[in-house]
Amino acid sequence: MNPTVDLNVQPSADLLSIARLVPPGSRVLDLGCGTGEMLDYLIRERGCSGYGVEINDANVQACVARGVNVIQLNLEEGLALFGDSSFDVVLQIDTLQHLRNAETMLRETARVGRAGVVVFPNFGHWPNRLAVARGRMPVTKVLPYQWYDTPNIRVGTLQDFEALALQNQLEILDSFGLQDGREVRFWPNARASRAVFKFQRS
């Protein structure tokens, strides 16, 4: 039986900020789409179409319950299923930090999509720096796990991503931080708990 999905839940402020990076009518691929909330919003409110990619059985069922097209696929196996520039935008929202093949998946995102959008926890946020200075790994709303049970196998900052993009010949089209539902464009590496980048192949 498919899980019950509440379609009346209002999108979070973070989701709305990220969604604004997707032009209306875009063909979208959402990698690690979870329960399909973002893709559902883009389809209903911005006239988009596309697919989600998800490995978790319960999340796949939730996507189906929403009416979101979903492909069950392990992202560690890559995106060979999809051709070059077959989507207008490829999303990776809170996905990159879970992948062993993060750099490869970043390049694949830029290959499959005319533009890519990546969102991940910003380890450079000042409370995280303070926790490390005190000798402990940070535990926050965005990084809620203890060091020994976290699913995040990568940690990075906005500046780390900028360096990685340069290394992989990716052009950053837009970037900002997110903090408590607000976009942060002044000193985001220290003042924001999440990093957001839109990019394309150079």
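A nonpolar core is a set of buried Ala, Val, Leu, Ile, Met, Phe, Trp, Tyr and Cys residues joined through side-chain atoms within 4.5 Å, where buried means under 20% relative accessible area, exposed over 50% and partly exposed in between (1.4 Å probe, protein chains only). All views show a predicted model, in which local features need pLDDT of at least 70, side-chain atom pairs count only at pLDDT 80 or more, and totals for chains, interfaces and linings use all residues. Residues are numbered from 1 along each chain as its sequence is written, and side-chain values use heavy atoms, with hydrogens and water left out.

**View 1. The largest nonpolar core has 22 residues.** Ile18, Val22, Val28, Met38, Leu42, Leu91 and Val117 have the most contacts inside this core. Two or more residues each come from α1 (13–19), α2 (37–46), β4, β5 and β6; helices (H or I, at least four residues) and strands (E, at least two) are DSSP runs, numbered from the N terminus. The most is given by α2, with 4 residues. Leaving aside neighbours within four places in sequence, Leu91 is in contact (heavy atoms within 4.5 Å) with Val22, Val28, Leu29, Asp30, Leu31, Met38, Leu42 and Val117. Another core, of 13 residues, lies apart from the 22-residue one; among its members are Leu96, Ala110, Ala165 and Phe199.

**View 2. Eight strands form an open sheet with mixed pairing.** The strand order is β3-β2-β1-β4-β5-β8-β6-β7, two strands being paired if DSSP finds at least two bridges between them. Because β3 (70–72) and β7 stand at the edges with a single partner strand each, one side of each is left without a neighbour in the sheet. From one strand to the next, the twist averages 20°; axes are lines fitted to C-alpha atoms, for helices over the stretch in contact, and angles run from 0 to 180 degrees between N-to-C directions. Helix α4 (residues 102–112) lies across β1 (27–31), β4 (87–93), β5, β6 and β8, and runs at about 145° to β5.

**View 3. Strand β8 (residues 194–201) pairs with β6 and β5.** The antiparallel strands β6 (residues 170–179) and β8 are joined by 8 bridges, with Arg201 as the bridge partner of Leu170. Strand β5 (residues 113–121) also runs antiparallel to β8, through 6 bridges; here Val118 has Phe197 as its bridge partner.

**View 4. Strands β6 and β7 form a hairpin with 2 residues between them.** Asp180 in the turn has a positive phi of about 50°. Strand β7 (residues 182–184) is antiparallel to β6 and joined to it by 3 bridges. Leu178 has Glu183 in β7 as its bridge partner.

**View 5. The whole structure contains 7 aromatic pairs.** Rings of Phe, Tyr and Trp (its six-membered ring) pair if their centres lie within 6.5 Å; planes under 30 degrees apart count as stacked, over 60 as edge-to-face and the rest as tilted. The Phe82 and Phe87 rings, with centres 5.7 Å apart and planes at 75°, are therefore edge-to-face. Phe82 is buried at a relative accessible area of 9%, and Phe87 is buried at 2%. Phe120 and Phe161 form a tilted pair, 5.8 Å centre to centre with 35° between the planes. Because Phe120 lies in strand β5 and Phe161 in helix α6 (residues 158–167), this pair ties together parts that are 41 residues apart in sequence. Both Phe120 and Phe161 are buried.
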